[in-house]
Amino acid sequence: MRAITVREPGGPDVLEWTEVADPVPGKGEVLIDVAASAVNRADLLQRQGFYPPPPGASDIIGLECSGTIAALGEGVTGWNVGDEVCALLAGGGYAEKVVVPAQQVLPLPKGVDVDTAAALPEVACTVWSNVVMDGKLKTGETFLVHGGAGGIGTHAIQVAKALGATVAVTAGSDERLRKCAELGADITVNYKTQDFVAEVKQADVVLDNMGAAYLPRNIDVLAPDGRLMIIGMQGGVQGELPIGKLLSKRAMVMATGLRFRSVDSKGAIVAQVREHLWPLIESGAVKPIVGRTVPMSDAAEAHRLLEASDVFGKVLLKRER
């Protein structure tokens, strides 16, 4: 099969479309004939040599995919060869075929085609696990998501709105904020010209992709009993935590990632997503937002697009047939 490999750590040009060995499903796994994958910030870090895959995972980049089940490993039930699916991966998505534990596979939501479905697994599992399962966002609360115009942000806006929250977002341009408002954002903040603490005032749950750079202000904006969910480090990896403010607000700070969780942990999240989030997608309350689709063989261009923050929503990699 063909896949994107990394010649050496570096810029987008180190990505190469080459022949590699076909993967074989083991016990409890399925083989997916990939239709499309999607680009995530973690992929850029892996390409640069800063985010190696977990032990035993494919060293091919790609944390999600969609396609058709081509083979079943020993002991797999509930799936059949020929089923159209999407899946949460620990790696291997930038390829014509990928092996994944059956627990991490999802059916296509009704009304979503097989290519577009590649935009869902990573954002759906990230948002649902952080905002709902751990962050416990409730109807009537205020939710703030940083990077509202990205893949995670565009999904989180819709999920929080569907759950009855007041939604606040940050983004870097008025045009991107306008599009966030169209998805349901109630409060929009241009982080280049406005202070989100002053604009939002209090948030019960904050979903943060910036890390260190936003840490003090994220604590400032938390409401009493607020929950700060950190899922990224775009603004640095070390910061000072104002313990006094946390104590006075009875606030929680939690940092989580999907990739290094156990298969059982990922499977539990996938099961929750299938039960609770898929109906929201099938009803039209939450839609996959795809900003650009490029051929999988041109993954370098897709990485450039994401690095430039020029795309609203997800960047998909479509396999050429």
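A disulfide is defined here as a pair of cysteine sulfur atoms within 2.5 Å. The structure is a predicted model, in which local features need pLDDT of at least 70, side-chain atom pairs count only at pLDDT 80 or more, and totals for chains, interfaces and linings use all residues. Residues are numbered from 1 along each chain as its sequence is written, and side-chain values use heavy atoms, leaving out hydrogens and water.

**View A. Surroundings of Cys125.** The whole structure contains 0 disulfides. For Cys125, the closest cysteine sulfur belongs to Cys86, at 8.6 Å, which is too far for a bond. Cys125 has 0% relative accessibility and therefore counts as buried (under 20% relative accessible area; exposed is over 50%, partly exposed in between, with a 1.4 Å probe and protein chains only).

**View B. The buried face of helix 4.** Helices (H or I, at least four residues) and strands (E, at least two) are DSSP runs numbered from the N terminus. Helix 4 spans residues 174–183, and its buried residues are Arg176, Leu177 and Cys180. Seen down the helix axis, these residues fall within an arc of 100°, so they line one face of helix 4; the arc is that of the directions from the axis to the C-beta atoms. Cys180 has a relative accessible area of 0%.

**View C. The other side and the end of helix 4.** Asp174 and Glu182 are exposed on the other side. Just after helix 4, Gly184 adopts a positive phi of about 130°.

**View D. The loop at Pro55.** Pro55 belongs to the loop between helix 1 (41–47) and strand 4 (64–72). Pro55 counts as exposed, because its relative accessibility is 83%. Its C-alpha atom is separated by 9.0 Å from that of Phe260, 205 residues apart along the chain.
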